[in-house]
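This briefing covers one protein model. Please look at the sequence and the structure before reading the points below.

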Amino acid sequence: MGQDKMVYSFHTLVILVLSFFTSSYLLWYHLQSKSDFFGGSTSNIFHKWNSPLSASVQEQEIHNNSPYSFSHNVSHHDAISNIKSHNMIGNDGSNDQSLTCQRYCPTRINKIYYDGDPAGLGDRIIILKGLAQLAGYLCAEVIMPPPKEQLTTIHNNGRPISEELEWSDFINITFIQDGSPAIKSAKTLEDGITISSWSDIPAITFSGSKDKDWLHVVSTDGKIRDDFQYLLKFSFQQPHNATIGFVWEIHKEWYTADLWSEQFPRLVDLEPERENADHDYYDTKMRPFFSSYYRVHKNLKEKEKSACWYIKSDSPPTQMAMLQKRVLRRIEKYSLKNAIFGTLHLRRGDVIDVCDTSVETMRQYFSCSLKNTETLGRNITLLLTSDEVDKQYRHDIMDLMKDYPHVSILDVDKIVTHVVREAADHGIISKALVNNYYTYEVENILRDKDSTFVRFHLMRRRNRCRNCVKLVNELKGM
């Protein structure tokens, strides 16, 4: 009788365990189908040479119609792990930056305001980083007109982006010292500091009596060197508990400013103060790194470029990082198995007469660049990005892959656009983020030079217009 009870209890336990795992699987499947809101059509996203099929059958055909259809040995998880260390525009070097060189700022009451003619997002991000470096050095924070005022409509199909968007939607710039945001919205300015019009000179007015003694400096036409020197000295003489600061307006020219043309200013007349002084002491090691300065002084050796980093910009905004993960998963899903991923960027628009990207020229480019790559024993997936809006041109470029059975090509612009739009449709992100600028920034995960996901970069654009890239040599051993 006791043995029968044990057998009965054992059977009951087995049934309960099986029921638990079955319920858990069904729940997981339900949540997965709900959370994967990036379903959508796959038509015109990928291109491989088989007969017109439904999306699901065509995906299966892509995975099986290759002599090298093995499992992936490079997972999107490898690339996802790089998102945290990915720098959106260039390498700011701040990942390894210690705090030893930086000036300590107990408060940041000073303000730096910049207004320039509208331009592209890459241009504005370079300026934002430079301004943030200035602000870190001067114990200040940066005030910028909103993206709607600073981003040209040229790169967004002639349409302005939404006025609700902030710079923090596109890039995450923080001070290394305390992790606080370096770029401040003008919507949250202190009482008494107002901006009537973004492009007025001066743009900022003081309406409160508490701000009447603030120092207000306006720099125009790239003449900022002397003003910088003056404000640097002012900031080092501010007490740690200062209630009176400065507002520095910089208008128009940035890349041609006189601050970059000569040796970076030093405060030769400001002697280090005693240790118990109530304000900071000056040390030349605190001087910030500026990419704009080294663009002018290209002949400087690396060892001569010693300067201090005050900011970090190597982690994308949270929502953007989530979408980047989704994009990588989608790319893997649509790609040939055992594929080596590489970007193919074709700049048209403003450089179409500078770098020839015609279909016939690209045919010759592929003939040379992809030559003998079939000997690698791996598939190759090209990730196409371009500012070209002509659908026929994009189709013709993708058509060129028909001569390479081991090569597929994905229209990444469409994949990312679908991911962003569907996220907005499901309320995951604001609909205001459905614009070309945001899509471009999401795509930046694919431009990371240190990525383990994307292994090579082909491009035809201004200053990077090689006639051939011997991929068989670059990819050997992968």
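The points below go from the whole chain to one strand and then to one helix residue.

The model is predicted. The protein has 478 residues, and 48% of them count as buried. Its secondary structure consists of 13 helices and 14 strands.

**Whole protein**

- The accessible surface comes to about 24100 Å², and carbon and sulfur atoms account for 51% of that area.
- Among contacts in the protein with a separation of 6 or more, 77% are between residues 24 or more positions apart.

- Strand E13 covers residues 407–411; five of its five residues are buried, so the strand is largely enclosed by the rest of the structure.
- In a regular strand, side chains alternate between the two faces of the sheet.
- In E13, Val407, Ile409 and Asp411 point one way, while Ser408 and Leu410 point the other way; all are buried.
- Strand E12 (residues 379–386) runs parallel to E13, and five bridges join the two.
- The path from E12 to E13 passes through helix H10 (residues 391–399), forming a right-handed β-α-β crossover.
- Across this strand pair, Leu384 stands opposite Asp411 of E13.

**Gln364 in helix H9**

- Gln364 lies in helix H9, which spans residues 359–369.
- The relative accessible area of Gln364 is 51%; the cut-off for exposed is over 50%, so Gln364 counts as exposed.
- Gln364 and Cys468 are 104 residues apart along the chain, and their C-alpha atoms are separated by 8.6 Å.

Technical notes
Residues numbered from 1 in each chain as written. Predicted model: local features only at pLDDT ≥ 70, side-chain atom pairs only at ≥ 80, totals over all residues. Heavy atoms only, no water. Buried < 20%, exposed > 50% of the residue type's maximum accessible area, 1.4 Å probe, protein only. Helix = DSSP H or I, 4+ residues; strand = E, 2+ residues; numbered from the N terminus. Pairing = 2+ DSSP bridges. Right-handed = clockwise from strand over helix to strand, strands pointing away. Contact = heavy atoms within 4.5 Å. Areas by Shrake-Rupley, 256 points an atom, 1.4 Å probe, with all protein chains shown as cover.
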